[in-house]
Amino acid sequence: MTDTIWQDLKACMKEKFDADRASFMEQAQAADDGGWTKHTPYHWSRTVDGERLDYWPSRKKYQYRGQIRRGDVMRVVRGAA
């Protein structure tokens, strides 16, 4: 019985992960200003203030100035522009 509950929980978590990923990708595509170099559908980059900004839109994850964060990457782009 415990295995069944665990399998159901894992399936539910995967569903949420996949739904979030699809939603984040839709949001990123809608907010795309054309300034990104798209290495793959899941890895974009651009130069902001002379520094490389790497972005993984499916998880809202980005790396800028050596720090990895999650959230609104366009705030970083707008703040430096």
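Buried here means under 20% relative accessible area, with exposed over 50% and partly exposed in between (1.4 Å probe, protein chains only). Strands are DSSP E runs of at least two residues, helices H or I runs of at least four, numbered from the N terminus. The model is a predicted one, so local features need pLDDT of at least 70 and side-chain atom pairs pLDDT 80 or more, while totals for chains, interfaces and linings use all residues. Numbering starts from 1 along each chain as its sequence is written, and side-chain values use heavy atoms, leaving out hydrogens and water.

With strand β3 (residues 51-56) it pairs antiparallel over 4 bridges, pairing being called when DSSP finds at least two bridges between strands. Q63 is the bridge partner of D54. The β3-β4 hairpin has 4 residues between its strands, and K60 takes a positive phi near 55° there. Strand β5 (residues 67-70) also runs antiparallel to β4, again joined by 4 bridges, with K61 opposite R70. That hairpin leaves 2 residues between the strands, and R65 in the turn has a positive phi of about 50°.

Over in strand β2 (residues 43-48) sits R46, which counts as buried because its relative accessibility is 14%.
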